[in-house]
Amino acid sequence: MKKLICTPLVAIIVTLVISSCKKTKETIVSTLPIITVEVPAVYSKIYGATSLTNDGTYITIKANGAPDHKSAYYATTNNLYEAFSGTTFGGNTFVKNPNTIVTQNFTFKIPLNPQKATTSAATPLGPIGVAINGVAFYNQYAGPNNQVLTNEIASFDKYYGHPTGTGQYHYHVEPLYLTTVKSTKSALLGFLLDGFPVYGPEENGAAVTNAMLDAYHGHINITADYPNGIYHYHINSTDPYINGSGFYGTAGTVTR
């Protein structure tokens, strides 16, 4: 009689009753390797992430949203608390709002391979992306009804961020700590929810003006991280600051 060869096909324990093998029960254990999808190197620049994973379709970024720089909005008992009474964004004298930074539980899920949306959706109030230090990006409006940002600008701290009433710290404008301390004004600063990268207010050593950008506050060009070119947003000092008429691509999700 020909020898029966039993070959495992899946990574589970299978109990087979094989009549040609003298009707004895034979337990087959097969362990297939665990397949993990590598996270592209560019996302390692999100140094504020507590977790980075790739399921082949989306990059999932978890972060606590707390800035790694000093702020007048930290509790006075926090090591990162620093009193501030100077000039902030736009030459405004700083006026502290009554809120305090609270650690968050952000999960940003952004497309691994972002594509231009057929119909671009407007950005919502709240997080529209994540900076490389894990802090949320917000759009150019103030809550609750897409009001102009003018009345909030004076409350931006030394590094141009501030917290909401629930303690959610965020940037509406250039994150000064990232462009002047951690990196440069031409560097990658983060990603919006549609998966497209966000860069600083300079490109190739020159200031980026709104006239150089499209309605969404971005353009297609080569960057240090994308030598073949990619659509990307630019943060600059002119309204709408980070993003214009909406997401260029199809937005992923954020939970908190």
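Q: What makes Lys-109 a charge over the ring of Tyr-58?
A: The charged end of Lys-109 is 5.0 Å from the ring centre of Tyr-58. A charge sits over a ring if NZ of Lys or CZ of Arg is within 6 Å of the ring centre and within 35 degrees of the ring normal. Lys-182 lies over the face of Tyr-47, with 4.6 Å to the ring centre.

Q: How far can these values be taken?
A: The model is predicted: local features need pLDDT of at least 70, side-chain atom pairs count only at pLDDT 80 or more, and totals for chains, interfaces and linings use all residues. Residues are numbered from 1 along each chain as its sequence is written, and side-chain values use heavy atoms, without hydrogens and water.

Q: Why is the pair of Phe-106 and Phe-108 called tilted?
A: Rings of Phe, Tyr and Trp (its six-membered ring) pair if their centres lie within 6.5 Å; planes under 30 degrees apart count as stacked, over 60 as edge-to-face and the rest as tilted. Phe-106 and Phe-108 have 5.1 Å centre to centre and 40° between the planes, therefore the pair is tilted.

Q: What makes the pair of Tyr-216 and Tyr-248 edge-to-face?
A: The planes stand at 75°, with 6.1 Å centre to centre, so the pair counts as edge-to-face. Phe-196, Tyr-216, Tyr-231, Tyr-233 and Tyr-248 form one aromatic cluster.

Q: Why is Tyr-248 called buried?
A: Buried means under 20% relative accessible area, exposed over 50%, partly exposed in between (1.4 Å probe, protein chains only). Tyr-248 has 11%, so Tyr-248 is buried.
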